[in-house]
Amino acid sequence: MYQFFVENEQIDLNREQVHITGSDVNHIKNVLRMKAGERVRISNQQGRDYLAQVAKLSDQEVLLDIVSYDVASTELPSKIYLFLGIPKGERMETVIEKAVELGVYEIIPVAMKYCVVRLDEKKAAKKTARWQEIARSAAKQSKRSIIPKVHDVMSFAEAVAYANSSDVRLVPYENEAGMTATKEALQTIKTGDSISVFIGPEGGISDAEIEVLRQDAKVLSLGKRILRTDTAAISAMTMLMLYLESR
């Protein structure tokens, strides 16, 4: 079953209908070649989901009838904020796609000391727009109830300040030995807690940065092997998804 995101104003609860407009019309008609009677999953991007079926198709609009309001959310019981030291090449895009599939709530690109990539304001705006579109596509594919937000690039200080509003702050660090701290950190997470996770760039987290993070975060290990930044981010998200959904 295909998934589509709409704005609240596209949902007519009185008539129990959904109006699909814009680029999704062409996708439904000419790419998916959907016909009247076929069903889709609809989300208002704020955590409310509906089951609907195609009623009428035109060049400007696809009209859907709401079939059910009893559609289970696909969101994790905790909001995960992923802070990622900007990696080079396509690694950022890979992390965004996979993190969205795994349930991330927001992704925050961070300019850290050992980041190879340095974006000026113009390039950063273009990158953020592309990253947000990747998040949207991944959310549709994985049938998320929301589209996770990809923030504009933050400085390290800005990111630390933003993370400090979370209930739990975690920092996987390659120089941290043993999994005991990892297990203990997971066990402190309560249902509904917001969780911030810091992942360093290719060059790692600097000594000064890790000391700042240690003041308010739990530093932990992801195992005995040194992971690339994208692997570390995906591993941390997988670990949290498994823990949160198995409680």
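The side chains of K29 and D59 meet in a salt bridge, with N and O 2.7 Å apart, where a salt bridge is a side-chain nitrogen of Lys or Arg within 4 Å of a carboxyl oxygen of Asp or Glu. This pair links distant parts of the chain, since K29 belongs to helix α1 and D59 to the loop between β5 and β6 (62-68), 30 residues apart. The model is a predicted one, in which local features need pLDDT of at least 70 and side-chain atom pairs count only at pLDDT 80 or more, while totals for chains, interfaces and linings use all residues. Residues are numbered from 1 along each chain as its sequence is written, and side-chain values use heavy atoms, with hydrogens and water left out.

Helices (H or I, at least four residues) and strands (E, at least two) are DSSP runs, numbered from the N terminus; the protein chain has seven helices and 13 strands. A search of the whole structure finds ten salt bridges, and three of these pairs are set out below.

| Pair | Closest N to O distance |
|---|---|
| K98 and E97 | 3.1 Å |
| K140 and D24 | 3.4 Å |

The pair of K140 and D24 also links distant parts of the chain, with K140 in helix α3 (residues 121-141) and D24 in helix α1 (residues 23-31), 116 residues apart.

Strand β4 (residues 39-43) has four buried residues out of five, so it is largely enclosed by the rest of the structure. Two strands pair if DSSP finds at least two bridges between them. Strand β1 (residues 2-5) runs parallel to β4 and is joined to it by four bridges, with F4 standing opposite I42 in β4. Strand β5 (residues 49-57) pairs with β4 in the antiparallel sense over five bridges, and here R39 stands opposite Q53 in β5. Five residues lie between the strands in the hairpin of β4 and β5, where Q45 takes a positive phi near 75 degrees.

Over the whole protein chain of 247 residues, 46% count as buried.

Notes. Buried means under 20% relative accessible area, exposed over 50%, partly exposed in between (1.4 Å probe, protein chains only).
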